[in-house]
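Here is a friendly note to read alongside the model.

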Amino acid sequence: MWSRGWIAGAALAMAGAANAGVGLEPVASGFKLPLYVTHAGDGSGRIFVVEKAGVVRIVSAGAVRPTPFVDLRAIVGSTGGEQGLLGMAFHPDYPHNGAVFVSYTDKNGDSAIARYRVRGDDPNALDVSSAQVILTLDQPYSNHNGGGIAFGPDGYLYVGFGDGGSGGDPHGNGQNTLTLLGDLLRIDVNVPTGYAIPLTNPHRANPFAKPEIWASGLRNPWRFSFDRETGDLWIGDVGQYSWEEIDFQPAASPGGENYGWDFFEGDHPYQLMPPETPPDTVPPETVPPLRFVFPVAEYDHSEGCSVIGGYVYRGAAVPSLSGAYVFSDVCSGTMWTLRPGTAGPWTRSEVLQTKIRTSSFGEDEAGELYVTDFYAGTVSRFVER
């Protein structure tokens with residue numbers, strides 16, 4: 001996830017504005033290691049703050065409700081620095097079906113995706129008895145669990161998993177499509193139990209790849225998001241020792257992108273690629289040549305240590321950010337934007353320097369942008385200064 005920043009404790013950036021038009025406004029505080037903020041899409045105006053240990057709290061009308069939306073500490077394992085309740089996604093039809101999905105590591109340190117339903121007598125509480133685990137994945141180490149989940153504009157649930165951890169991808173999971181580690185998955189949860197494989201998944205008919213895989217070659221896609229206006233997909237993939245990257249997939253993509261890890265870290269070779277001869281168990285004619293999709297932006301560790309992917313801003317409160325992808329780094333606290341360049345390459349610009357230990361971004365129903373501060377336990381909103 002962001003282990004070098006969280007555990008090693010790299011120096012914070014100096015506070016100060018890099019863009020006089022953008023600032024941060026406190027929304028709520030008192031959270032315990034917040035990792036994510038989102039909304040229900042139900043017109044209530046509530047935002048939901050996910051805490052690492054397994055609690056989800058509600059902010060309504062500017063106040064934190066005393067009773068949590070759900071408390072999953074009995075099943076969530078969060079002792080490792082990159083373990084815990086890592087993601088949450090409200091079903092696009094939540095106002096009618098009350099379905100909520102969570103991503104977490106369990107008491108054994110393995111990953112799980114589960115479906116819950118809101119209580120019929122209380123819209124501010126999930127029914128813990130409704131839990132249905134729909135996917136599990138063994139984790140060989142305690143780090144690089146990924147954990148982000150989000151519904152795409154196609155109504156399918158996307159799930160991000162890291163390469164399984166340790167360092168340098170010792171098991172080669174990033175380039176192994178016979179495991180779900182190191183991949184972005186796309187699954188259909190609009191079924192009574194479990195999940196189905198969408199008919200248009202790129203590896204559905206490939207016997208040498210898991211059919212759930214939508215994209216591969218990822219080291220640790222801690223946070224990814226969809227542009228609510230265009231449907232484009234953005235991925236903040238945490239690097240190894242030198243380079244952090246932002247990956248981009250246009251909405252029209254049929255999937256199947258390979259983002260390069262662990263042959264590449266950002267645009268840079270990380271290790272020598274293996275010979276063209278595939279494993280003996282795989283007929284050579286069935287293995288397509290490797291084709292990598294390189295990041296649209298990268299930065300080295302003179303500017304940070306662990307990228308935190310964000311969102312394309314589509315709100316109304318900060319016109320200067322309109323249409324820009326906003327992201328950060330856990331160690332530097334710097335907020336950047338990314339926009340298409342006039343000559344082709346994407347343009348990265350510094351927007352704000354903060355002392356925030358950014359753990360995640362989030363949107364409310366109106367498209368306004370929020371950021372969580374892991375250690376300070378706060379949620380702030382981007383505003384026009």
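1. **Strands and pairing.** Helices (H or I, at least four residues) and strands (E, at least two) are DSSP runs, numbered from the N terminus. Two strands pair if DSSP finds at least two bridges between them. With that in hand, look at β26 and β27, which form a hairpin with 5 residues between them. In its turn, G367 has a positive phi of about 90 degrees.

2. **What kind of model this is.** The model is predicted: local features need pLDDT of at least 70, side-chain atom pairs count only at pLDDT 80 or more, and totals for chains, interfaces and linings use all residues. Residues are numbered from 1 along each chain as its sequence is written, and side-chain values use heavy atoms, with hydrogens and water left out.

3. **The protein overall.** The secondary structure comes to 2 helices and 28 strands. The protein has 385 residues, and 56% of them count as buried; buried means under 20% relative accessible area, exposed over 50%, and partly exposed in between (1.4 Å probe, protein chains only). A contact means heavy atoms within 4.5 Å. Among contacts with a separation of 6 or more, 59% come from residues 24 or more positions apart.

4. **Strand β27 and its partners.** T358 is found opposite D373 of β27. On to the next partner: β27 pairs with strand β28 (residues 378–384) over 4 bridges, again in the antiparallel sense, and V371 sits opposite S380 in β28. β27 and β28 also form a hairpin, with 4 residues between them. G377 in that turn has a positive phi of about 70 degrees.

5. **Which way do the side chains of β27 point?** In a regular strand the side chains alternate between the two faces of the sheet. Here L369, V371 and D373 point one way from β27, while Y370 and T372 point the other way. Strand β27 (residues 369–373) is mostly covered, with 5 of its 5 residues buried.

6. **An open sheet.** In another sheet, 4 strands are arranged in the order β8-β9-β10-β11, with antiparallel pairing. Its edge strands are β8 and β11 (122–137), each pairing on one side only. From one strand to the next, the twist averages 25 degrees (axes are lines fitted to C-alpha atoms, for helices over the stretch in contact, and angles run from 0 to 180 degrees between N-to-C directions). Strand β10 (residues 111–119) is linked to β11 by 8 bridges. I113 has L135 of β11 as its bridge partner.

7. Is Y325 buried or exposed? Y325 is buried, because its relative accessible area is 0%. Y325 lies in strand β23 (residues 325–329). Leaving aside neighbours within four places in sequence, its contacts include W234, I246, Y311 and W336. A74 counts as exposed, at 70% relative accessibility, and is found in the loop between β7 (70–71) and β8.

8. **Empty space.** Rolling a probe the size of a water molecule over the atoms shows where empty space is left. On a 1 Å grid over the protein atoms alone, a cavity is a set of points where a 1.4 Å probe fits but cannot get out, and a pocket is an open set with protein on both sides within 12 Å along at least five of seven lines; lining residues have an atom within 4 Å of a point. Grid points are joined across faces, edges and corners, and a volume is the space filled by probe spheres set on the points. The second largest pocket has a volume of about 640 Å³. Its lining has 26 residues, of which H39, F90, A150, F151 and E363 lie nearest the centre. The largest cavity holds about 60 Å³ of space, and its lining residues include R219, D237, W243 and E265.
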